[in-house]
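Subject: Structure handover

Hello,

Here is the structure for you to look over. My notes follow below it.

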Amino acid sequence: AGADAYINPTDAAQRLFEVIDRDGNGELTRAEVIRTIRDAARSNNTALLGEMRDLLGLPPSIHQEDESHVIFERVFQAMDADDDRSITLDEFAAYIARNLPAASPLHDTGSNNQNGYSGDGGNGFGQGGYPDAQP
């Protein structure tokens, strides 16, 4: 596969951010992210759920009473670099660039990679793209 088979993670981040930012204010809240996942699950939007899994490491559903909520909180807090309880596009794109597995078809390995992404985020995400839930 040539470099054309790869998608720049910054472009993917921009598109996904715009989908999740329901009120268009340029910041993502916990509620917007959870609502996007729930609506995608209800409408069987497997493409969107797959993007959220592959780019963010989020499960296809979030429930207060199980491990999915712990995973969601871990991811949200990791994205929220300034700890202001909302995520800007810059924070969102930086998180994706840091954590996108190098083996992913979304990883831009072409020579025009302008974002400095090295692909070794070291966030503990395993093969499935989810944070390791083992103690």
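Arg-22 sits in the loop between helix H1 (9–20) and strand S1 (27–28). Helices (H or I, at least four residues) and strands (E, at least two) are DSSP runs, numbered from the N terminus. The model is predicted: local features need pLDDT of at least 70, side-chain atom pairs count only at pLDDT 80 or more, and totals for chains, interfaces and linings use all residues. Residues are numbered from 1 along each chain as its sequence is written, and side-chain values use heavy atoms, with hydrogens and water left out.

Arg-22 has a relative accessible area of 39%. It is therefore partly exposed (buried is under 20% relative accessible area, exposed over 50%, partly exposed in between; 1.4 Å probe, protein chains only). Leaving aside residues up to four places away in sequence, Arg-22 touches Glu-32, Arg-35, Thr-36 and Asp-39 (contact means heavy atoms within 4.5 Å). Its side chain reaches the backbone oxygen of Arg-35 at 3.4 Å.

Now the helix pair. The axes of H2 (residues 30–42) and H3 (residues 46–56) come within 8 Å and cross at roughly 140°. Axes are lines fitted to C-alpha atoms, for helices over the stretch in contact, and angles run from 0 to 180 degrees between N-to-C directions. H2 and H3 are therefore oblique to each other (under 35 degrees is roughly parallel, over 145 roughly antiparallel, 65 to 115 roughly perpendicular, the rest oblique). From H2, the contact uses Val-33, Thr-36, Ile-37, Ala-40 and Ala-41; from H3, Leu-48, Leu-49 and Met-52. By class, that is seven nonpolar residues, one polar and no charged.

Next, Ser-86. This residue lies in the loop between helix H4 (67–79) and strand S2 (87–88). Ser-86 counts as buried because its relative accessibility is 7%. A polar contact of 3.2 Å joins the side chains of Ser-86 and Glu-27 (a pair of N or O atoms within 3.5 Å; within protein, one must be able to donate a hydrogen and the other to accept it, and residues adjacent in sequence count only if both atoms are side-chain atoms). Beyond four places in sequence, Ser-86 touches Glu-27, Leu-28, Phe-76, Asp-80 and Glu-91.

Last, the whole chain. It has five helices and two strands, in the order α-β-α-α-α-β-α. Of its 135 residues, 39% are buried.

Best wishes

Definitions and conventions: Ala, Val, Leu, Ile, Met, Phe, Trp, Tyr, Cys and Pro count as nonpolar, Asp, Glu, Lys and Arg as charged, and the others, Gly among them, as polar.
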